[in-house]
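We will walk through it one stop at a time.

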Amino acid sequence: MSYKQGDALPELVKAPVSRMQLVKYAGASGDFNPIHYDDEAARAGGLEGVIAHGMLSMGFLGQFVETTFGAGSYKRLEVRFQGMVKLGEVITCRGVVTDIAQENGREYAACEIEAVDSDGRVVTAGRAQAWLD
Amino acid sequence: MPLDKSVLERNFPEFDFRVERGKIREYALVLGLNDPVHTDLEAARAAGFEDLLAPPTFVRQFWHENPENDPMPHLGYDPKRRLHGEQEFEYHKPLVAGMNLKGRNAIVSTREKEGRRGGMMTFVVIETRFVDETGELVQVARRTLIETAAPPKEA
């Protein structure tokens, strides 16, 4: 599939975020901050309950780039963590192509991307670049 | 607590690690990455990769494996006010299982800004450069760590 400027990318809808996933992500990523799996620790930190690692939603956006442009196509990924993700949230990744450009004779797509929660609130947003060859 | 400026004078040692198949599979499965290039060697090779391909945010686990290699624990931030504000990755060549990488962390920028309700917010960008055995750049990661402004003291 070829993309042009202004194209919306096919959305990626993830399974609801579960505590088991956060425990596994802690192990996979090495981020054992207890606010991501222990409600008491989260409440002590002023939260209502555990929240997902910001990097989990960035991982979903990485998958989104991969499902759109192919594994290994990534050139650059940059995001800002804007909102917290609670347990049970269904994260949807979406984006739009902002430019088709070239570098060293290779074509790439530049996109704006975002992860939104079940209420449509943006939790993580930024830009991605992916090689098109 | 303001930024502990002594951290800016410090050099953080290079660290090395081997990229393992099992760790790639684990990382891909927990995120729900369903492209078999992360989990199935034949699929990875059929797609032109030498071995299982690491997911795009995989190197996250190597930033602060060892506190001696990482500026983060030495910033002097209050853990209750510390946020991972932004994250960036640049990809220079495919990261696959079996590669031996070297990484090095360095602070590349700092700034302060007045918080909306008074007090100062601090922003520090830590860059991690990962090179392969030939010294070729594989990935660059940049994380922005924020210490939010301290709440105003109760009268």
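Begin by colouring the two chains: 28 residues of chain A are in contact with 31 residues of chain B, where contact means heavy atoms within 4.5 Å. This is a predicted model, in which local features need pLDDT of at least 70 and side-chain atom pairs count only at pLDDT 80 or more, while totals for chains, interfaces and linings use all residues. For your selections, residues are numbered from 1 along each chain as its sequence is written, chains are lettered from A and ligands numbered from 1 in the order in which they are written, and side-chain values use heavy atoms, with hydrogens and water left out.

**Stop 1: the interface**

The area buried between chain A and chain B is about 2400 Å², with carbon and sulfur atoms giving 56% of it; buried area is the accessible area (1.4 Å probe) that two parts lose on being put together, summed over both. Select A:Ala28, A:Met55 and A:Tyr74: within chain A these lose the most area to chain B, together 22% of what that side buries.

Next, look for the polar links. Between chain A and chain B there are 15 residue pairs in polar contact, both residues at pLDDT 80 or more. A polar contact is a pair of N or O atoms within 3.5 Å; within protein, one must be able to donate a hydrogen and the other to accept it, and residues adjacent in sequence count only if both atoms are side-chain atoms. On the side of chain A that touches chain B, α1 (19-29), α3 (54-69) and β2 (74-81) each supply at least two residues. Helices (H or I, at least four residues) and strands (E, at least two) are DSSP runs, numbered from the N terminus. By class, that side of chain A has twelve nonpolar, eight polar and eight charged residues. Here Ala, Val, Leu, Ile, Met, Phe, Trp, Tyr, Cys and Pro count as nonpolar, Asp, Glu, Lys and Arg as charged, and the others, Gly among them, as polar.

**Stop 2: helix α1 of chain B**

Select residues 21-31 of chain B, helix α1, whose buried residues are B:Ile24, B:Tyr27, B:Ala28, B:Val30 and B:Leu31. Buried means under 20% relative accessible area, exposed over 50%, and partly exposed in between (1.4 Å probe, protein chains only). What do the buried residues of α1(B) pack against? They pack against α1 and α3 of chain A. Step on to B:Gly32, which follows α1(B) and has a positive phi, near 80 degrees.

**Stop 3: the sheet**

Now show the strands. An open sheet of ten strands, with antiparallel pairing, has the order β1(A)-β3(A)-β4(A)-β5(A)-β2(A)-β2(B)-β5(B)-β4(B)-β3(B)-β1(B). Two strands pair if DSSP finds at least two bridges between them. At the edges stand β1 (12-13) of chain A and β1 (15-18) of chain B, each with a single partner strand, so one side of each is left without a neighbour in the sheet.

Zoom in where the chains meet: β2(A) and β2(B) pair in the antiparallel sense over five bridges, and A:Arg76 stands opposite B:Glu90 in β2(B).

Then move to the chain B end. Four bridges join β1(B) to strand β3 (residues 100-114), and the two run antiparallel; B:Phe17 has B:Leu101 as its bridge partner in β3(B). From there, β3(B) pairs with β4(B) in the antiparallel sense over twelve bridges, with B:Ala106 opposite B:Glu127. Five residues lie between β3(B) and β4(B) in their hairpin, and B:Gly118 in the turn has a positive phi of about 90 degrees. While you are in strand β4 (residues 120-131) of chain B, pick B:Phe130, which is buried at a relative accessible area of 0%.

**Stop 4: salt bridges**

The whole structure holds 24 salt bridges over all chains, each a side-chain nitrogen of Lys or Arg within 4 Å of a carboxyl oxygen of Asp or Glu. Four of them cross the interface of chain A and chain B. Select A:Arg80 and B:Glu86, a salt bridge with its closest N and O atoms 3.4 Å apart.

Which residues form a network of salt bridges? Select A:Arg76, A:Glu78, A:Arg127, B:Glu88, B:Glu90, B:Glu127, B:Arg129 and B:Arg142. Inside chain A, the side chains of A:Arg76 and A:Glu78 meet at 3.3 Å, N to O.

B:Glu147 lies in strand β5 (residues 137-147) and B:Arg81 in the loop between α2 (41-46) and β2 (82-91) of chain B, so the pair ties together parts that are 66 residues apart in sequence. Both B:Glu147 and B:Arg81 are buried.
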